[in-house]
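Let's walk through a structure together, one question at a time.

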Amino acid sequence: MDVAYINPFIASTRSVFETMIKVPFQLGRPYLKSGSERLYKLFRLSAQMQFSGPAELFFTLNVTEAAVLSVVSGLTGTRVFELNSECCDAVAEVANMIANGAKKDLPATGFTVSAPRVIRPHRIKYPPGMPIVAIPADTGIGRFMLELGMRESTEETAGDGEATPVMDAA
Amino acid sequence: MKILLVDDSRTMRNIQKRALADAFAGAEFGEAGDGVEALSVVAEAPGGFDLILVDWNMPNMDGLTFVQRLRATDKRTPAVMVTTEAEKTRVMDAIKAGVNSYVIKPFTPQMLIEKVRGTLERLKAAA
């Protein structure tokens, strides 16, 4: 995958964390996920968004419970001690800001972005054969992971990016 | 001061409310999760609102359409669009629709407060 598509997501994640969440974090090295890799027991919530246009792109934010609580507490200024519907809403909003912040810096223009879907990590799906780049991250309190899947658009896949958000993770 | 917050994310509304409550002592807040609800809240609010913050991408009715509908009968209430849409063409579309100011997410509380204050002062000076 062209780093020109990866770097905007890294920069956008830093921007969201620095301006709104104010929780320090470290990003690890991006790597190509193997087909057999299953990290879903580690993560508690995932938010996925689909980009349609010059390429088909999937962005997923996976978060552990500790990371969700840390992020939501930082975002809202109120300590949160358990997962609830507000946490799902907050994760969706964080994913939305990261994805749309990245969109403006992508090497191609004309992308439309779906609304975020917040679901259990084991339900995250990608089109068969799509290479997925994973970028691990750690807030010091909890871990999260960005995932990017991408392939060139075909007539069938260049849709309008519309998706109905599903908040079924709570 | 009465402020209407229009965003489908309750988290985002709470963030805006906290920032503006710190800056505008005694402010009262109305909330709506989409443009349809916002039009209803505006219509039912005695005396209307002094400021509206509105997101762009929302279900049922997006923020741009809400502002267009609002401006059909209300040219006065300051409207600040708070959105992830950062492209210049989008900003121009919002201004043409009748938005007075634009804040791009993510933002710090200070960014939001300064933009709101600047908008209110500019409109007051122009009145």
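Q: Is N96(A) buried or exposed?
A: A quick note first: this is a predicted model, where local features need pLDDT of at least 70, side-chain atom pairs count only at pLDDT 80 or more, and totals for chains, interfaces and linings use all residues. Residues are numbered from 1 along each chain as its sequence is written, chains are lettered from A and ligands numbered from 1 in the order in which they are written, and side-chain values use heavy atoms, with hydrogens and water left out. Buried means under 20% relative accessible area, exposed over 50%, and partly exposed in between (1.4 Å probe, protein chains only). At 16% relative accessibility, N96(A) therefore counts as buried.

Q: Which residues is N96(A) in contact with, leaving aside its neighbours within four places in sequence?
A: N96(A) lies in helix α3 of chain A; helices (H or I, at least four residues) and strands (E, at least two) are DSSP runs, numbered from the N terminus. Contact means heavy atoms within 4.5 Å. With those sequence neighbours set aside, the contacts of N96(A) are M49(A), P116(A) and T84(B).

Q: How are α2(A) and α3(A) oriented to each other, roughly parallel or roughly perpendicular?
A: The two helices pack with their axes 10 Å apart, at an angle of about 80 degrees. Axes are lines fitted to C-alpha atoms, for helices over the stretch in contact, and angles run from 0 to 180 degrees between N-to-C directions. Angles under 35 degrees count as roughly parallel, over 145 as roughly antiparallel, 65 to 115 as roughly perpendicular and the rest as oblique. So α2(A) and α3(A) are roughly perpendicular.

Q: How do the residues of the contact of α2(A) with α3(A) divide into nonpolar, polar and charged?
A: On the α2(A) side we find V68(A), L69(A), V71(A), V72(A), L75(A) and T76(A), which meet E86(A), C87(A), A90(A), V91(A) and V94(A) in α3(A). Ala, Val, Leu, Ile, Met, Phe, Trp, Tyr, Cys and Pro count as nonpolar, Asp, Glu, Lys and Arg as charged, and the others, Gly among them, as polar. The division is 9 nonpolar, 1 polar and 1 charged.

Q: How many salt bridges does the structure hold over all chains?
A: A salt bridge is a side-chain nitrogen of Lys or Arg within 4 Å of a carboxyl oxygen of Asp or Glu. One of them pairs E65(A) with R44(A), the closest N and O atoms being 3.2 Å apart. This pair links distant parts of the chain, 21 residues apart, with E65(A) in helix α2 and R44(A) in the loop between β2 and β3 of chain A. Over all chains, the number of salt bridges is 12.

Q: Which residues are linked with K105(B) in a network of salt bridges?
A: The side chain of K105(B) meets that of E93(A) in a salt bridge, at 3.1 Å from N to O. K105(B) lies in the loop between β5 and α5 of chain B and E93(A) in helix α3 of chain A, so the pair joins two chains. Both K105(B) and E93(A) are buried. In the network, K105(B) is linked with E93(A), D7(B) and D55(B).

Q: Is the peptide bond from K105(B) to P106(B) cis or trans?
A: P106(B) lies in the loop between β5 and α5 of chain B. For the bond from K105(B) to P106(B), omega is near 5 degrees, and the bond is cis.

Q: What is the relative accessibility of R13(B)?
A: R13(B) forms a salt bridge with E31(B), their closest N and O atoms being 2.6 Å apart. R13(B) is in helix α1 of chain B and E31(B) in strand β2, 18 residues apart. R13(B) counts as buried because its relative accessibility is 12%.

Q: How far apart are the end C-alpha atoms of helix α1 of chain B?
A: This helix has 14 residues, 10-23. The expected span of a helix is 1.5 Å times one less than its number of residues. That span should be 20 Å here, and it agrees with the distance between the end C-alpha atoms, 20 Å.
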